[in-house]
Amino acid sequence: MRVKTFTLFLLAVLLSTSFLYAQTARVQIIHNSADDAADTVDVYLDGSLLLDNFAFRNATPFIDAPAGVVVDVGVAPQASTSVEDTIYNAKVTFAENETYVVVASGIVSGSGYSPHTDFDLYINPTGQEEASTTGETDVLVFHGSTDAPIVDVAEPNVPATLVDDLDYGAFTPGYLNLATADYSLQVQDETGQTAVAQFGAPLETLGLEDSALVVVASGFLDPASNSDGPAFGLYAALPSGGEMVQLPAEDISTAQVQVIHNSADL
């Protein structure tokens, strides 16, 4: 019932805005702020309530948003009464007919989190609502864990590096075009030598052929230093929105290596 009510509310808002703006862009909003104070938020668009009680690790579907004009996006604590309650505001201009992924991430509290990385909106203008090639699955990756280092992401069973040197607040340069199969994703430090965590990415099992999704690094590697907040994990936002899909944790894989000395130099 809550999902249905949210969808009807969002549709009503979008229908009302469509009469105000002739140009539109497609936008998906992902809530990835692990700060307890922002666990559930209200989102305002040009002073009007757009998202009511928008929960952490949830995403909207791709929606039409005003394009070609500057719009004010405001974020307020849940149960806000007006745009005057917003604790964050940003001026955003979307280009007509483009598709965007917007991730809300960072810390709003004044203390209790280390490192303290300010809340912000991270905007990617290359969003996709479906795979670019039939029979594949396209994956965009976003680093949204405030206390995680620069990371690589590898498939240890191949082995192959899928993502190289991704810093907090950054997206991969584009979508990874993957055959629809079940993968393991190992998060490593930037040297690629030390594994931080490993997760399954069961694209085939979940029936994600022909789909495009956004995988977000979310939560804290060290919850104890971050107000005992949610633990680190990888979560996937689907184009249809809703609660993000948690990728299952796996034991960290190791490889067997043989070293051969073949230098003939005395």
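Reader: How do the residues of the lining of the largest cavity divide into nonpolar, polar and charged?

Author: This is a predicted model: local features need pLDDT of at least 70, side-chain atom pairs need 80 or more, and totals for chains, interfaces and linings use all residues. Residues count from 1 along each chain as its sequence is written, and side-chain values use heavy atoms, without hydrogens or water. A cavity is a set of points on a 1 Å grid over the protein atoms alone where a 1.4 Å probe fits but cannot get out, and its lining residues have an atom within 4 Å of a point. With Ala, Val, Leu, Ile, Met, Phe, Trp, Tyr, Cys and Pro as nonpolar, Asp, Glu, Lys and Arg as charged, and the others as polar, the lining divides into 20 nonpolar, two polar and one charged.

Reader: How much space lies in the largest cavity?

Author: The structure holds three cavities of 30 Å³ or more. A volume is the space filled by probe spheres set on the grid points, which are joined across faces, edges and corners. For the largest cavity, that space is about 260 Å³.

Reader: Which strand gives the largest share of that lining?

Author: Strands (E, at least two residues) and helices (H or I, at least four) are DSSP runs numbered from the N terminus. The lining has 23 residues, with I29, V43, L50, V73 and V102 nearest the centre of the cavity. Helix 1 (2-18), strand 1 and strand 8 are among the elements that each supply at least two. The largest share, four residues, comes from strand 5.

Reader: How many charged residues are in the lining of the second largest cavity?

Author: This cavity holds about 210 Å³ of space. Of its 21 lining residues, V141, V153, L185, V215 and L234 are closest to its centre. Strand 10 (136-143) and strand 16 (212-218) are among those supplying at least two. The lining has 20 nonpolar residues, one polar and, as for charged, none.

Reader: Why is strand 8 largely enclosed by the rest of the structure?

Author: T99, V101, V103 and S105 point one way and Y100, V102 and A104 the other. Buried means under 20% relative accessible area with a 1.4 Å probe, protein chains only. Strand 8 is largely enclosed because, of its seven residues, the number buried is seven.

Reader: In strand 9, which residue is the bridge partner of V103?

Author: Two strands pair if DSSP finds at least two bridges between them. Strand 1 pairs with strand 8 in the parallel sense over six bridges. Strand 9 (120-124) pairs with strand 8 in the antiparallel sense over five bridges. There, the partner of V103 is Y122.

Reader: Which strands stand at the edges of the open sheet of four strands?

Author: The order is 3-2-6-7, with antiparallel pairing. Two strands have a single partner each, so one side of each is left without a neighbour in the sheet: strand 3 and strand 7.

Reader: Is the pair of Y88 and F119 stacked or edge-to-face?

Author: Rings of Phe, Tyr and Trp (its six-membered ring) pair if their centres lie within 6.5 Å; planes under 30 degrees apart count as stacked, over 60 as edge-to-face and the rest as tilted. Both Y88 and F119 are buried. Their centres are 5.0 Å apart and their planes stand at 75 degrees, so the pair is edge-to-face.

Reader: How many residues apart in sequence are the parts that Y113 and F220 tie together?

Author: The pair is tilted, at 5.8 Å centre to centre and 40 degrees between the planes. Y113 is buried at 9% relative accessible area, and F220 is buried at 2%. Y113 lies in the loop between strand 8 and strand 9 and F220 in the loop between strand 16 and strand 17, so the number of residues apart is 107.

Technical notes:
Buried < 20%, exposed > 50% of the residue type's maximum accessible area, 1.4 Å probe, protein only. 1 Å grid on protein atoms, 1.4 Å probe; cavity = no way out; pocket = protein on both sides within 12 Å on 5 of 7 lines; lining within 4 Å.
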